[in-house]
Amino acid sequence: MASRDVMNLMLMLTAGLPSIISVYLVPHSLCSPAPAEGWLKDACELALGSPIVFVNVLFFVNVSVGFWIIGLVQGNFWLIDPYWTFIPPLIGHFYLSHPLAVHPSTARGMVAMALVWIWSIRLTHNYFRREGWRCGAREDWRYTKMAKEHPSAWWILSFFAVGLAQQPMLVGISLPLYSTAFSNKQWNLIDSIATMLCLKGILIAFVADNQLYRYMKSNEDREAKGQKKQELLDAGLWGLSRHPNYFGEIMWWTSFALFSVNVGEWQMVGGTVFNTLVLVYVSMMTEERMLKGWTEERAKRYRRYISETPCIIPNIFKLWSKPKK
């Protein structure tokens, strides 16, 4: 492992420590008994009285601002990507162990937490496999693109595009974990349906990402042997949807939001809606980038693929239709 990879690994392991320490110590050890005065007294009051606000403040300071400063120093905003898979479980544990949450935890709270960890482990594995098991090898291509388009203003634009933009998504999609931790409503059929749909969404994303990984590896092997690369991935789930991995991710978070709906907290699905809109927009950005960078022949073939295959929601009827010649 190169020295830069080691440095980035250590950075990844320590950058989130303020949040980890705060989540586990502020509402418990440091606030029992509550300090009489000072900033810790204010932090305790916020954590104990307004847990969602506390999570947002902590995220803003540690991630939105902290990770942004690290990105400016490194000239690379890679750090937010691996933390995408870790922040929702961290928030979930904060809500579940909160003094005002339902104790002992309900079946809904425990199942929701287990589901989030399954999602996190899958996505973490996929991220590091895609990056060749390296830390900070590259940043999201969208950030690189924006930096090139706005070089003089990128230092401040990056705060909004990279730092602040993550907050409504990550904190927002984690809101159902608040519902599952603070509601004592008994488990019912809706919870069972939500659980099954969550697992199905995770499975779809897992299969889609594996198919994409094998396609990419196959093309790397072909290129190494001097063979022509396969121009288009249109088999398996990718024959039913142009972005089945995004569909799996959307299905997972939408199904997860059902836990909130089931306990009467519809307002907790706002982050899920916002994240879905972002994924749809990102899929369009990705396709625009590919078409601009490809040869005319490959772009023409992909445009035909666009005309025959939906963007997100799979066309399952294609399973029974005869392939076009």
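**Entry 1, the second largest cavity.** I found that H4 and helix H9 (154–164) each supply at least two residues of the lining of the second largest cavity. Helices here are DSSP runs of H or I with at least four residues, numbered from the N terminus. The model is predicted, so I noted that local features need pLDDT of at least 70 and side-chain atom pairs pLDDT 80 or more, while totals for chains, interfaces and linings use all residues. Residues are numbered from 1 along each chain as its sequence is written, and side-chain values use heavy atoms, without hydrogens and water.

I listed the lining of this second largest cavity as Val63, Phe67, Trp68, Phe77, Leu79, Ile80, Val162 and Gly163. H4 gives the most to this lining, with three residues. A cavity is a set of points on a 1 Å grid over the protein atoms alone where a 1.4 Å probe fits but cannot get out, and lining residues have an atom within 4 Å of a point. I put the space in the second largest cavity at about 60 Å³, a volume being the space filled by probe spheres set on the points. By class, I sorted the lining of the second largest cavity into seven nonpolar, one polar and no charged residues. Ala, Val, Leu, Ile, Met, Phe, Trp, Tyr, Cys and Pro count as nonpolar, Asp, Glu, Lys and Arg as charged, and the others, Gly among them, as polar.

**Entry 2, the largest cavity.** How many cavities of 30 Å³ or more does the structure hold? I looked it up, and there are two. The largest cavity has about 140 Å³ of space. I found 15 residues in its lining, with Ser19, Leu58, Phe59, Ile87 and Leu90 nearest its centre. At least two residues of this lining come from each of helix H2 (17–25), helix H4 (51–74) and helix H6 (87–96). Which helix gives the largest share of the lining of the largest cavity? It is H4, with six residues. I sorted the lining of the largest cavity into twelve nonpolar, three polar and no charged residues.

The axes of H4 and H6 cross at roughly 145° and come within 11 Å. Axes are lines fitted to C-alpha atoms over the stretch in contact, with angles from 0 to 180 degrees between N-to-C directions. On the H4 side the contact (heavy atoms within 4.5 Å) is made by Pro51, Ile52, Phe54, Val55, Phe59 and Val63, and on the H6 side by Ile87, Ile91, Phe94 and Tyr95. I counted ten nonpolar residues in the contact of H4 with H6, and no polar or charged ones.

Phe59 is part of this contact and also lies among the residues nearest the centre of the largest cavity. Val63 is part of this contact too, and it lines the second largest cavity.

I found that the axes of helix H7 (residues 107–130) and helix H13 (residues 244–262) come within 12 Å and cross at roughly 165°. H7 and H13 are therefore roughly antiparallel to each other (angles over 145 degrees). From H7, the contact uses Arg108, Ala112, Leu115, Val116, Trp119, Arg122 and Leu123, and from H13, Glu249, Trp252, Trp253, Phe256, Phe259 and Asn262. I noted nine nonpolar, one polar and three charged residues in the contact of H7 with H13.

I found a cis peptide bond between His103 and Pro104, with omega about -5°. Pro104 lies in the loop between H6 and H7. In the loop between H7 and helix H8 (141–149) I looked up Trp133. Phi of Trp133 is near 60°, a positive value in a residue other than glycine.

Key:
Angles under 35 degrees count as roughly parallel, over 145 as roughly antiparallel, 65 to 115 as roughly perpendicular and the rest as oblique. On a 1 Å grid over the protein atoms alone, a cavity is a set of points where a 1.4 Å probe fits but cannot get out, and a pocket is an open set with protein on both sides within 12 Å along at least five of seven lines; lining residues have an atom within 4 Å of a point.
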